[in-house]
Amino acid sequence: MFKASVGASSKADPKGAVTEVVDKMRHADEDLSSSKVVFAFSSCSYSHKDMLDEFAAELPGVPVIGNTSHTGIITDEGFIYGEGFLGAMAIYDDDLAVGVASVAKSDASQDAVELGAKVARAAMDSAGKTEPPAYYFMAASPAEEEYYVKGITQVIGRVPFFGGSAADDAIAGDWELYTSDKVFPDGVAVAFFYTKKPMVNIYTGAYRETSDVGLVTKVVGDRTLAEIDGIPALERYADWRHLEVDELRGSALLARSVVSPLGVKDRLGDLIAIRHPMAGNDDDTIGLGNKVVPGTAVIRMQATVDELIDSTGTTLKELKSKATNPGAYLLVHCGGRRAGIGGRIGEVADQLKQEAAGVPFLTEFTFGEYGQVADDRNTCGGLMLSFTALSK
(Lines give C-alpha, C1' and ligand atoms only; values in the text may rest on other atoms or scores of the structure.)
Protein backbone atom coordinates (compact mmCIF):
# COMPACT_ATOMS: atom_id res chain seq x y z
CA MET A 1 0.00 0.00 0.00
CA PHE A 2 1.35 3.42 -1.02
CA LYS A 3 1.58 6.13 1.65
CA ALA A 4 3.02 9.64 1.58
CA SER A 5 3.42 12.05 4.48
CA VAL A 6 4.48 15.71 4.31
CA GLY A 7 5.76 18.06 6.99
CA ALA A 8 7.12 21.61 7.00
CA SER A 9 8.88 23.94 9.41
CA SER A 10 10.18 27.50 9.46
CA LYS A 11 12.49 26.99 12.44
CA ALA A 12 15.92 28.61 12.11
CA ASP A 13 17.62 25.63 13.78
CA PRO A 14 17.90 22.68 11.36
CA LYS A 15 17.64 20.04 14.08
CA GLY A 16 14.54 21.68 15.52
CA ALA A 17 13.12 21.91 12.00
CA VAL A 18 13.64 18.19 11.41
CA THR A 19 11.97 17.34 14.73
CA GLU A 20 8.94 19.46 13.83
CA VAL A 21 8.74 18.06 10.29
CA VAL A 22 8.95 14.44 11.43
CA ASP A 23 6.32 15.04 14.12
CA LYS A 24 3.97 16.39 11.46
CA MET A 25 4.65 13.47 9.14
CA ARG A 26 4.02 11.04 11.99
CA HIS A 27 0.66 12.69 12.60
CA ALA A 28 -0.32 11.53 9.12
CA ASP A 29 1.42 8.16 9.42
CA GLU A 30 2.44 6.89 12.85
CA ASP A 31 4.99 4.43 11.41
CA LEU A 32 7.56 6.24 9.28
CA SER A 33 10.35 3.76 10.02
CA SER A 34 9.55 1.69 6.93
CA SER A 35 9.61 4.66 4.54
CA LYS A 36 11.56 3.94 1.38
CA VAL A 37 12.83 7.51 0.88
CA VAL A 38 12.49 11.03 2.27
CA PHE A 39 12.63 14.04 -0.04
CA ALA A 40 13.85 17.13 1.83
CA PHE A 41 14.08 20.68 0.47
CA SER A 42 15.54 23.32 2.72
CA SER A 43 17.02 26.72 3.42
CA CYS A 44 20.57 27.45 2.26
CA SER A 45 21.18 28.99 5.71
CA TYR A 46 21.15 25.58 7.43
CA SER A 47 24.00 23.34 8.50
CA HIS A 48 22.90 20.43 6.37
CA LYS A 49 25.14 18.02 8.21
CA ASP A 50 23.19 18.83 11.38
CA MET A 51 19.94 18.44 9.47
CA LEU A 52 20.92 15.02 8.10
CA ASP A 53 22.20 13.88 11.50
CA GLU A 54 18.79 14.68 12.96
CA PHE A 55 16.98 12.83 10.16
CA ALA A 56 19.20 9.81 10.87
CA ALA A 57 18.31 9.99 14.57
CA GLU A 58 14.58 10.40 13.92
CA LEU A 59 14.31 7.94 11.00
CA PRO A 60 17.27 5.56 11.21
CA GLY A 61 18.03 3.73 7.99
CA VAL A 62 15.66 5.79 5.84
CA PRO A 63 17.54 7.42 2.92
CA VAL A 64 17.22 11.17 2.48
CA ILE A 65 17.71 13.07 -0.76
CA GLY A 66 17.26 16.75 -1.57
CA ASN A 67 18.69 20.19 -2.10
CA THR A 68 18.34 23.79 -1.07
CA SER A 69 15.30 25.69 -2.37
CA HIS A 70 15.00 29.35 -3.40
CA THR A 71 13.48 31.36 -0.50
CA GLY A 72 10.94 28.76 0.67
CA ILE A 73 8.76 25.74 -0.07
CA ILE A 74 5.03 25.14 -0.44
CA THR A 75 2.87 22.47 1.19
CA ASP A 76 -0.81 22.44 2.12
CA GLU A 77 0.22 24.71 5.02
CA GLY A 78 1.03 27.42 2.47
CA PHE A 79 4.27 29.14 1.50
CA ILE A 80 6.83 28.30 4.21
CA TYR A 81 9.78 30.67 4.52
CA GLY A 82 11.88 32.49 7.08
CA GLU A 83 15.35 32.56 8.58
CA GLY A 84 15.24 28.82 7.99
CA PHE A 85 12.75 26.47 6.38
CA LEU A 86 12.35 22.78 5.62
CA GLY A 87 9.79 20.73 3.73
CA ALA A 88 9.93 16.94 3.57
CA MET A 89 7.94 14.07 2.10
CA ALA A 90 8.27 10.47 3.28
CA ILE A 91 7.17 7.77 0.83
CA TYR A 92 6.33 4.14 1.58
CA ASP A 93 5.01 1.32 -0.60
CA ASP A 94 5.26 -2.44 -0.08
CA ASP A 95 5.98 -2.90 -3.77
CA LEU A 96 8.54 -0.12 -4.07
CA ALA A 97 12.33 -0.23 -3.96
CA VAL A 98 14.33 3.00 -4.05
CA GLY A 99 18.04 3.36 -4.66
CA VAL A 100 19.54 6.67 -3.54
CA ALA A 101 23.05 7.75 -4.51
CA SER A 102 25.07 10.91 -5.01
CA VAL A 103 28.43 11.94 -6.42
CA ALA A 104 30.15 15.21 -5.59
CA LYS A 105 32.16 16.99 -8.24
CA SER A 106 35.19 18.02 -6.26
CA ASP A 107 37.39 19.07 -9.19
CA ALA A 108 36.47 21.15 -12.24
CA SER A 109 38.36 18.71 -14.45
CA GLN A 110 36.04 15.83 -13.59
CA ASP A 111 33.82 14.80 -16.47
CA ALA A 112 30.10 15.24 -15.72
CA VAL A 113 29.11 12.43 -18.10
CA GLU A 114 31.36 10.00 -16.25
CA LEU A 115 29.97 11.20 -12.91
CA GLY A 116 26.43 10.64 -14.22
CA ALA A 117 27.31 7.06 -15.16
CA LYS A 118 28.91 6.57 -11.75
CA VAL A 119 25.88 7.80 -9.82
CA ALA A 120 23.58 5.57 -11.90
CA ARG A 121 25.58 2.47 -11.07
CA ALA A 122 25.66 3.45 -7.40
CA ALA A 123 21.88 3.96 -7.31
CA MET A 124 21.27 0.51 -8.77
CA ASP A 125 23.62 -0.98 -6.17
CA SER A 126 21.79 0.92 -3.43
CA ALA A 127 18.49 -0.62 -4.54
CA GLY A 128 20.03 -4.08 -4.89
CA LYS A 129 19.15 -4.12 -8.59
CA THR A 130 20.96 -4.74 -11.85
CA GLU A 131 18.22 -3.50 -14.18
CA PRO A 132 17.09 0.06 -14.98
CA PRO A 133 14.46 1.68 -12.74
CA ALA A 134 10.92 2.54 -13.81
CA TYR A 135 11.75 6.24 -13.39
CA TYR A 136 14.11 8.43 -11.41
CA PHE A 137 14.46 11.73 -9.57
CA MET A 138 17.57 13.84 -10.11
CA ALA A 139 18.99 16.87 -8.31
CA ALA A 140 22.15 18.60 -9.48
CA SER A 141 24.09 21.82 -9.22
CA PRO A 142 23.07 24.44 -11.79
CA ALA A 143 25.89 23.96 -14.28
CA GLU A 144 26.11 20.63 -16.14
CA GLU A 145 22.72 19.01 -15.71
CA GLU A 146 22.47 17.86 -19.34
CA TYR A 147 25.77 15.99 -19.05
CA TYR A 148 24.80 14.18 -15.85
CA VAL A 149 21.65 13.00 -17.65
CA LYS A 150 23.75 11.85 -20.60
CA GLY A 151 25.94 9.73 -18.31
CA ILE A 152 22.95 8.25 -16.51
CA THR A 153 21.34 7.39 -19.84
CA GLN A 154 24.48 5.57 -20.96
CA VAL A 155 23.96 3.17 -18.04
CA ILE A 156 20.17 2.74 -17.85
CA GLY A 157 18.87 3.91 -21.23
CA ARG A 158 16.02 6.39 -21.76
CA VAL A 159 14.15 6.19 -18.47
CA PRO A 160 11.68 8.99 -17.57
CA PHE A 161 12.90 11.39 -14.91
CA PHE A 162 11.96 14.53 -13.01
CA GLY A 163 13.65 16.90 -10.59
CA GLY A 164 15.47 20.20 -10.38
CA SER A 165 18.71 22.02 -9.67
CA ALA A 166 19.72 23.23 -6.23
CA ALA A 167 19.04 26.91 -5.53
CA ASP A 168 19.94 29.57 -3.02
CA ASP A 169 18.28 32.86 -2.11
CA ALA A 170 20.47 35.32 -4.03
CA ILE A 171 22.16 33.41 -6.89
CA ALA A 172 25.37 33.60 -4.89
CA GLY A 173 26.44 29.96 -5.20
CA ASP A 174 25.28 29.09 -1.68
CA TRP A 175 23.19 26.11 -2.84
CA GLU A 176 23.83 22.58 -1.60
CA LEU A 177 22.80 19.05 -2.52
CA TYR A 178 22.62 16.20 -0.07
CA THR A 179 21.90 12.57 0.55
CA SER A 180 21.98 10.83 3.91
CA ASP A 181 25.77 10.71 4.13
CA LYS A 182 26.90 13.59 1.90
CA VAL A 183 26.55 17.37 1.58
CA PHE A 184 28.14 19.15 -1.38
CA PRO A 185 27.63 22.24 -3.60
CA ASP A 186 28.56 20.72 -6.96
CA GLY A 187 27.55 17.34 -8.35
CA VAL A 188 24.50 15.12 -8.75
CA ALA A 189 22.12 13.04 -6.62
CA VAL A 190 19.49 10.55 -7.80
CA ALA A 191 16.72 8.35 -6.47
CA PHE A 192 15.92 5.34 -8.68
CA PHE A 193 12.34 4.05 -8.32
CA TYR A 194 11.63 0.36 -8.90
CA THR A 195 7.87 -0.15 -9.08
CA LYS A 196 5.06 -1.25 -11.40
CA LYS A 197 2.96 1.76 -10.44
CA PRO A 198 3.11 4.68 -12.85
CA MET A 199 4.68 8.07 -12.50
CA VAL A 200 3.16 10.92 -14.53
CA ASN A 201 5.10 14.11 -15.22
CA ILE A 202 3.89 17.37 -16.76
CA TYR A 203 6.82 19.48 -17.93
CA THR A 204 6.04 22.92 -19.25
CA GLY A 205 7.09 26.54 -19.40
CA ALA A 206 3.47 27.61 -19.88
CA TYR A 207 4.64 30.58 -21.92
CA ARG A 208 3.14 31.84 -25.19
CA GLU A 209 5.19 32.01 -28.40
CA THR A 210 5.78 35.36 -30.07
CA SER A 211 6.70 35.98 -33.70
CA ASP A 212 10.25 36.90 -32.64
CA VAL A 213 12.40 33.98 -33.83
CA GLY A 214 16.09 33.93 -34.64
CA LEU A 215 18.86 31.52 -35.57
CA VAL A 216 21.61 30.92 -33.05
CA THR A 217 24.74 31.75 -35.04
CA LYS A 218 27.39 31.89 -32.32
CA VAL A 219 27.76 30.37 -28.85
CA VAL A 220 30.69 30.62 -26.45
CA GLY A 221 31.02 27.45 -24.42
CA ASP A 222 27.64 25.89 -23.66
CA ARG A 223 25.66 28.68 -22.05
CA THR A 224 26.79 32.00 -23.46
CA LEU A 225 24.65 33.06 -26.39
CA ALA A 226 26.83 35.37 -28.46
CA GLU A 227 24.87 36.00 -31.66
CA ILE A 228 21.34 35.61 -33.01
CA ASP A 229 21.06 35.98 -36.79
CA GLY A 230 24.65 37.24 -36.80
CA ILE A 231 23.72 40.11 -34.48
CA PRO A 232 25.04 40.41 -30.88
CA ALA A 233 22.53 38.44 -28.82
CA LEU A 234 21.79 41.13 -26.23
CA GLU A 235 21.23 43.68 -29.00
CA ARG A 236 18.84 41.32 -30.77
CA TYR A 237 16.90 40.55 -27.60
CA ALA A 238 16.68 44.24 -26.66
CA ASP A 239 15.32 45.04 -30.12
CA TRP A 240 12.66 42.34 -29.76
CA ARG A 241 11.60 43.80 -26.41
CA HIS A 242 11.80 47.44 -27.59
CA LEU A 243 14.29 48.14 -24.82
CA GLU A 244 17.72 49.76 -24.67
CA VAL A 245 20.66 47.38 -24.37
CA ASP A 246 21.95 49.25 -21.32
CA GLU A 247 18.65 48.49 -19.53
CA LEU A 248 19.58 44.79 -19.70
CA ARG A 249 23.15 44.83 -18.43
CA GLY A 250 24.20 42.43 -15.68
CA SER A 251 21.50 40.89 -13.54
CA ALA A 252 18.90 43.36 -14.82
CA LEU A 253 18.36 40.97 -17.72
CA LEU A 254 17.55 38.10 -15.37
CA ALA A 255 14.70 40.03 -13.76
CA ARG A 256 13.39 41.59 -16.98
CA SER A 257 13.36 38.25 -18.85
CA VAL A 258 11.19 36.26 -16.41
CA VAL A 259 8.11 37.39 -18.33
CA SER A 260 9.86 37.07 -21.71
CA PRO A 261 12.55 34.37 -21.88
CA LEU A 262 13.85 32.41 -24.85
CA GLY A 263 12.61 28.99 -25.90
CA VAL A 264 13.96 26.08 -27.96
CA LYS A 265 11.52 23.67 -29.62
CA ASP A 266 12.12 19.94 -29.55
CA ARG A 267 12.27 18.02 -32.81
CA LEU A 268 8.56 17.10 -32.79
CA GLY A 269 7.28 20.43 -31.52
CA ASP A 270 5.78 18.85 -28.38
CA LEU A 271 7.89 20.88 -25.97
CA ILE A 272 9.48 24.30 -25.84
CA ALA A 273 12.35 24.13 -23.37
CA ILE A 274 12.84 27.55 -21.80
CA ARG A 275 16.27 29.14 -21.73
CA HIS A 276 16.42 31.86 -19.08
CA PRO A 277 18.60 34.86 -19.99
CA MET A 278 20.55 35.23 -16.75
CA ALA A 279 23.03 38.02 -17.47
CA GLY A 280 23.50 40.79 -20.03
CA ASN A 281 27.26 40.82 -20.52
CA ASP A 282 29.39 43.85 -21.37
CA ASP A 283 30.30 42.31 -24.75
CA ASP A 284 26.58 42.07 -25.64
CA THR A 285 26.44 38.31 -25.13
CA ILE A 286 23.77 36.68 -22.97
CA GLY A 287 24.52 34.23 -20.19
CA LEU A 288 21.86 31.49 -20.22
CA GLY A 289 20.69 29.02 -17.62
CA ASN A 290 20.96 26.04 -19.98
CA LYS A 291 22.80 24.89 -23.06
CA VAL A 292 22.15 26.15 -26.59
CA VAL A 293 23.89 25.15 -29.81
CA PRO A 294 24.55 27.00 -33.07
CA GLY A 295 22.22 26.28 -35.96
CA THR A 296 19.06 26.06 -33.88
CA ALA A 297 16.27 28.59 -33.51
CA VAL A 298 15.36 30.50 -30.35
CA ILE A 299 11.90 31.94 -29.87
CA ARG A 300 11.04 34.86 -27.63
CA MET A 301 8.34 33.66 -25.26
CA GLN A 302 6.05 35.72 -23.03
CA ALA A 303 3.69 35.52 -20.07
CA THR A 304 2.22 37.96 -17.59
CA VAL A 305 2.67 37.56 -13.85
CA ASP A 306 -1.01 36.60 -13.66
CA GLU A 307 -0.32 33.85 -16.19
CA LEU A 308 2.72 32.62 -14.27
CA ILE A 309 0.56 32.28 -11.16
CA ASP A 310 -2.39 30.67 -12.89
CA SER A 311 -0.16 28.21 -14.75
CA THR A 312 0.56 26.40 -11.47
CA GLY A 313 -3.06 25.52 -10.80
CA THR A 314 -3.68 24.73 -14.47
CA THR A 315 -0.64 22.44 -14.65
CA LEU A 316 -1.59 20.55 -11.50
CA LYS A 317 -5.14 20.17 -12.84
CA GLU A 318 -3.72 18.69 -16.06
CA LEU A 319 -1.51 16.37 -14.03
CA LYS A 320 -4.52 15.16 -12.03
CA SER A 321 -6.40 14.40 -15.25
CA LYS A 322 -3.59 12.16 -16.50
CA ALA A 323 -2.61 10.45 -13.24
CA THR A 324 -4.09 7.17 -12.05
CA ASN A 325 -5.10 7.29 -8.39
CA PRO A 326 -2.42 9.80 -7.33
CA GLY A 327 -0.95 9.30 -3.88
CA ALA A 328 1.53 12.19 -3.83
CA TYR A 329 2.61 15.19 -5.87
CA LEU A 330 6.22 16.36 -6.08
CA LEU A 331 6.15 19.82 -7.63
CA VAL A 332 9.29 21.47 -8.99
CA HIS A 333 8.75 25.20 -9.64
CA CYS A 334 11.43 27.47 -11.05
CA GLY A 335 12.99 29.88 -8.56
CA GLY A 336 13.13 32.60 -11.24
CA ARG A 337 9.38 32.34 -11.75
CA ARG A 338 8.95 32.50 -7.98
CA ALA A 339 11.04 35.72 -7.93
CA GLY A 340 8.95 37.18 -10.75
CA ILE A 341 5.76 36.35 -8.85
CA GLY A 342 7.18 38.08 -5.78
CA GLY A 343 4.77 38.90 -2.97
CA ARG A 344 1.91 37.12 -4.73
CA ILE A 345 3.41 33.68 -4.06
CA GLY A 346 0.57 33.00 -1.61
CA GLU A 347 -1.76 32.87 -4.61
CA VAL A 348 0.32 30.00 -6.00
CA ALA A 349 0.07 28.18 -2.68
CA ASP A 350 -3.70 28.63 -2.68
CA GLN A 351 -4.04 27.24 -6.20
CA LEU A 352 -1.85 24.23 -5.48
CA LYS A 353 -3.72 23.40 -2.30
CA GLN A 354 -7.06 23.66 -4.05
CA GLU A 355 -6.03 21.44 -6.96
CA ALA A 356 -4.23 18.89 -4.76
CA ALA A 357 -7.56 18.34 -2.99
CA GLY A 358 -6.09 16.56 0.00
CA VAL A 359 -3.37 14.57 -1.79
CA PRO A 360 -0.02 15.21 -0.04
CA PHE A 361 2.23 17.54 -2.01
CA LEU A 362 5.59 19.25 -1.64
CA THR A 363 6.87 22.12 -3.78
CA GLU A 364 10.46 23.28 -4.16
CA PHE A 365 11.91 26.27 -6.03
CA THR A 366 14.89 25.43 -8.24
CA PHE A 367 17.48 26.98 -10.56
CA GLY A 368 16.78 24.44 -13.32
CA GLU A 369 13.91 22.02 -13.91
CA TYR A 370 13.87 18.55 -15.47
CA GLY A 371 11.08 16.54 -17.02
CA GLN A 372 10.03 14.33 -19.86
CA VAL A 373 7.49 14.38 -22.67
CA ALA A 374 5.53 11.79 -24.63
CA ASP A 375 8.29 9.52 -25.92
CA ASP A 376 10.47 9.70 -22.80
CA ARG A 377 12.73 12.47 -24.04
CA ASN A 378 14.35 13.78 -20.88
CA THR A 379 14.98 17.53 -20.96
CA CYS A 380 16.56 20.19 -18.75
CA GLY A 381 15.33 23.78 -18.81
CA GLY A 382 14.80 26.88 -16.75
CA LEU A 383 11.77 29.00 -15.81
CA MET A 384 9.71 25.82 -16.03
CA LEU A 385 7.33 23.66 -14.03
CA SER A 386 7.99 19.94 -13.57
CA PHE A 387 4.95 18.54 -11.77
CA THR A 388 4.96 14.84 -10.94
CA ALA A 389 2.31 12.46 -9.60
CA LEU A 390 3.21 9.17 -7.92
CA SER A 391 0.40 6.60 -8.01
CA LYS A 392 -0.94 4.62 -5.07
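Q: How much space lies in the largest cavity?
A: Rolling a probe the size of a water molecule over the atoms shows where empty space is left. In this predicted model, the largest cavity holds about 60 Å³ of space. The search of the whole structure finds 1 cavity of 30 Å³ or more.

Q: Which residues line the largest cavity?
A: The lining consists of Phe2, Ile91, Asp93, Leu96, Tyr135, Phe193, Thr195, Lys197, Pro198, Leu390 and Ser391. By class, these divide into 7 nonpolar, 2 polar and 2 charged residues.

Q: What is the volume of the largest pocket, and which residues are the closest to its centre?
A: About 750 Å³ of space lies in the largest pocket. Its lining has 24 residues, and Glu146, Arg275, Asn378, Thr379 and Cys380 are the closest to the centre.

Q: Which elements supply the lining of the largest pocket, and what classes of residue does it have?
A: At least two residues each come from H4, strand E17 (262–265), E18 and strand E25 (378–381). H4 gives the most, with 5 residues. The lining has 10 nonpolar, 4 polar and 10 charged residues.

Q: What does Leu316 touch?
A: Leaving aside residues up to four places away in sequence, Leu316 touches Tyr329, Leu331, Leu352, Glu355, Ala356 and Phe387.

Q: How does the span of helix H3 read, and which of its residues are buried?
A: Helix H3 (residues 112–127) has 16 residues and reaches 23 Å from its first C-alpha to its last, close to the 22 Å expected at 1.5 Å a residue. Among its buried residues are Val113, Leu115, Val119 and Met124. The buried residues of H3 pack against strand E7 (97–104), helix H4 (145–156) and strand E12 (187–194).

Q: Is Asp283 buried or exposed?
A: Asp283 is exposed, because its relative accessible area is 54% and the cut-off for exposed is over 50%. Asp283 is found in the loop between strand E19 (277–280) and strand E20 (286–288). Asp283 and Pro232 are 51 residues apart in sequence and 8.3 Å apart in space, C-alpha to C-alpha.

Note on methods:
Residues numbered from 1 in each chain as written. Predicted model: local features only at pLDDT ≥ 70, side-chain atom pairs only at ≥ 80, totals over all residues. Heavy atoms only, no water. Contact = heavy atoms within 4.5 Å. 1 Å grid on protein atoms, 1.4 Å probe; cavity = no way out; pocket = protein on both sides within 12 Å on 5 of 7 lines; lining within 4 Å. Points joined across faces, edges and corners; volume = space filled by probe spheres on them. Nonpolar A, V, L, I, M, F, W, Y, C, P; charged D, E, K, R; others polar. Helix = DSSP H or I, 4+ residues; strand = E, 2+ residues; numbered from the N terminus. Expected span 1.5 Å × (residues − 1). Buried < 20%, exposed > 50% of the residue type's maximum accessible area, 1.4 Å probe, protein only.
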